[in-house]
Amino acid sequence: MKLVSFSAEVNEDKCTGCGICARVCPTLSIRVESGLARVDTNTCAGCGACVERCPLDAVKLVSLEIPRMLGIDPVSVDRQKLVEICRKAKIHPEQIVCFCTSTRAEEVVAAILTGAKSPEEISRVTGVRTGCKTECIQPVLRLLYAAGIEPKPVEGGWQWYGKTVTIWEISDELKQKYSTKGFYFVEDENLFKKVMEKIQNR
Amino acid sequence: MSVKFAELVKPLPPIQSRYGPPPESIRKRAYELPDIVSVKVRDLFPSIPQPVYPSEKGVNAVREATEKALEKVDMSIIKPGDTVNVLGSHHGFTILGGYPYAEMLRTIKDVMHEKTGTDQIRLRVGVGLRFKEADEHIKRHKLDEYYDGKARGIAPIDEGIPVETEIGTLYGIKAAYDAKWIVHAHNSDVREIHFHRHVDRAVKPFGMSYARIETRSTYHHNLGPRGANFVARAIFSSKFVQDKWTFACFLKPSPAGILGVDADNDLFALDKRLTIDNFRYYGRILTLLSSIDECIAVLDFSCPIPYVFVAGMIFANFSAASVDIFDLDNPLPGYTWYTEALYDRNDKPLIPEIPPINPAIKALVINYSWGGYPSVFWAKHIPTIVVGEKQAEVFSSDPQNIEFMKYSVKADDLETAIRFAQKIAGTDKILIFDGAPEALNVSKSLAEYLIKKAPEIEEKMDKELIPKWCRQRGIA
């Protein structure tokens, strides 16, 4: 769940339409039209990525008169399907995937099961990826892939480029090779297995 | 051991930043509270060497140390006219006001120009989760002028570049690698032990400060609490990075101040040296602080909550210290994102292996800190008092901490906050994270505890703890 209290606002006197704000927006709420950045305040989640990367300080966050809540109740979708996707992604449904918004895997999957097909659509529904914008793309991609969806990065955008490796996919040979250097891959994998085993019991 | 309370050591003043409250709104610093005393780090642990900075030489001592360290570095691969990116990080600027780190960065440019003849030397400074922070540091220390207009901050959401590695494709920040050569200019203090577990500490920025969000997310979600830093090794060891690699130059802080500068063409050799030194020096102070049975933690420094310092240790490490976080037999510290992720929706651990946040922290008083890091976890698990309206606004206006004040209370002034914290905590022991150089600012009761306990820790270090920590990392 995320309370959206702010929205981006562009200073048209400063904006040159360079488009960096649009390239970094996790909810695709900015377009460049007629040489100026335009914000869709209905979908902007107030994350400030545009504010922080505008080279001319032409964007700021302004308080919304009426804040709105992003989020989806995981109870609203088929629990069995939800758990199946989480198991496939090897993420516990209650595991937090976004530390800034405290979004859990089950909320991301609920968004997928109600029609979201990309990280951007999931962010618009749940608020995930709209805090620090930095740490939570991989679990979102893992859950999409586990649901059978292979999203494509936004053309020309810098929102995200691709899914990466997980501990479950690292070869035994590599795990062995680095086991004496302080990388406890096997032990960590066993730790995650214990977490996954808890799904049945909760 | 002769130990006395030192003259009160003043922390550095608050600084102007878009991430913190206005400096003028900080009406009182925690060290000014009654009953606070300073304990010098070297009075607790005389085996920690005398620092070169702070000293009467000022930052010139850092310049001399950098020049000396770079004497042994082979830069012959760099030719006149070659482009070189000196890769730095925001972290270095948080140490002692950033003055020693900035001087090291200036000296690297000067020495490299002198030894290679190139004048195409650029500074690229990576960040954490505050994307304009590096630019603020560059401006504050006038590094853009020093680097002839070629200094800039880089952020993990900037344009990326794929890097093929031993574990598949990962992603770096394109601007970090847009030169023929790179220099890795960092700081060696332990800092985020809860994340890297001091495995390949020196390599970490390749998986963080110079990396895109995909890589950072791999680190924090995909590989596990003791394997996470492998993403850094994978990127550093890639052909893409090795084709650009020249040398590393590291500022060497200790809990008592800056010990010097180390540099090497071989990053793993440098890493081994700094690992042993960090176990010796930071290991002592962290083990001592971990032994505290109860305290009120007061944050009073120009950094987000996890990064505020006492004696070179960051608050995140103290939060994590319900277990020995250097000991790799402990799968999870009391605080790390893998730990935070594994609390259920009732804020209870999903598995019994999750240790609690350091139970010695009975209350948390935030007199001065920045936003720009997801910190609600602390407010949820520790009774938290925020001092002043402006400090509260830092959190409530921060997209990473929208709910922070929902779990905290606000006091009008520091004295009121402390009185309330003492009632909640039932202790008069106060530990102040204010980054005071060379010393810990603490209540008299805590000072007496630390002084009494330090010899016992000293005894354990060389015989028991350091050999175990080294063994776990394959260091003979």
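User: How many of the nine residues of helix H4 of chain A are buried?
Analyst: Eight of the nine are buried, so to speak for a predicted model. Helix H4 spans residues 105-113 of chain A and is mostly covered.

User: Which ones are buried in H4(A)?
Analyst: They are Ala105(A), Glu106(A), Glu107(A), Val108(A), Val109(A), Ala110(A), Ala111(A) and Ile112(A).

User: And what covers the buried residues of H4(A)?
Analyst: The cover includes three helices of chain A: H3 (79-89), H5 (119-126) and H6 (137-146). It also includes strands S5 (96-98) and S6 (103-104) of chain A.

User: What about H4(A) and H5(A), at what angle do they cross?
Analyst: Their axes cross at roughly 110 degrees and come within 9 Å. H4(A) and H5(A) are therefore roughly perpendicular to each other. The crossing is right-handed.

User: Which residues make that contact?
Analyst: H4(A) brings Glu107(A), Val108(A), Ala111(A) and Ile112(A). H5(A) brings Ile122(A), Val125(A) and Thr126(A). By class, the contact of these helices has five nonpolar residues, one polar and one charged.

User: What comes just after H4(A)?
Analyst: Gly115(A) does, with a positive phi of about 120 degrees.

User: New topic. How many residues of chain B are in contact with chain A?
Analyst: On the chain B side, 50 residues are in contact, and they meet 53 residues of chain A.

User: Which element of chain B gives the largest share of that side?
Analyst: Helix H7(B) does, with eight residues. H7 of chain B covers 213-222. Strand S5 (160-165), strand S6 (168-173) and H12 of chain B also supply at least two residues each.

User: How does that side of chain B divide into nonpolar, polar and charged?
Analyst: The side of chain B that touches chain A has 25 nonpolar, 13 polar and 12 charged residues.

User: How is chain B divided into domains?
Analyst: Domain 1 takes 23-47 + 289-469, and domain 2 takes 60-254. Their C-alpha centres lie 28 Å apart. The contact takes 21 residues from domain 1 of chain B and 18 residues from domain 2 of chain B.

User: Which helices give two or more residues to the domain 1 side?
Analyst: On the side of domain 1 of chain B that touches domain 2, those are H11 (315-320) and H12 (337-341) of chain B. H11(B) gives the most, with three residues. By class, this side has 16 nonpolar, five polar and no charged residues.

User: Now H10 and H16 of chain B. At what angle do they pack?
Analyst: Helix H10 (residues 267-290) and helix H16 (residues 444-472) of chain B pack at about 140 degrees, with their axes 8 Å apart. That makes H10(B) oblique to H16(B). Their crossing is right-handed.

User: Which residues of H10(B) meet H16(B)?
Analyst: From H10(B), they are Ile276(B), Phe279(B), Arg280(B), Gly283(B), Arg284(B), Thr287(B) and Leu288(B). Their partners in H16(B) include Leu450(B), Ile457(B) and Trp469(B). The contact of H10(B) with H16(B) has 11 nonpolar, two polar and four charged residues.

User: Last one: is Leu267(B) buried or exposed?
Analyst: Leu267(B) is buried, because 21 other C-beta atoms lie within 10 Å, and the cut-off for buried is 20 or more. Leu267(B) lies in helix H10 of chain B.

User: What does Leu267(B) touch, leaving out residues up to four places away in sequence?
Analyst: Leu267(B) touches His184(B), Ala202(B), Val203(B), Phe236(B) and Ala248(B). Ala248(B) is 19 residues from Leu267(B) in sequence, and 6.3 Å away in space, C-alpha to C-alpha.

Conventions: Residues are numbered from 1 along each chain as its sequence is written. Chains are lettered from A and ligands numbered from 1 in the order in which they are written. This is a predicted model: local features need pLDDT of at least 70, side-chain atom pairs count only at pLDDT 80 or more; totals for chains, interfaces and linings use all residues. Domain bounds come from an automatic or database domain assignment. Two residues are in contact if their C-beta atoms, placed from the backbone, lie within 7 Å. Helices (H or I, at least four residues) and strands (E, at least two) are DSSP runs, numbered from the N terminus. Ala, Val, Leu, Ile, Met, Phe, Trp, Tyr, Cys and Pro count as nonpolar, Asp, Glu, Lys and Arg as charged, and the others, Gly among them, as polar. A residue is buried if 20 or more other C-beta atoms lie within 10 Å of its own, exposed if 12 or fewer, and partly exposed in between; C-beta atoms are placed from the backbone. Axes are lines fitted to C-alpha atoms, for helices over the stretch in contact, and angles run from 0 to 180 degrees between N-to-C directions. Angles under 35 degrees count as roughly parallel, over 145 as roughly antiparallel, 65 to 115 as roughly perpendicular and the rest as oblique. A crossing is left-handed if the near helix is turned anticlockwise from the far one by less than a right angle, and right-handed if clockwise.
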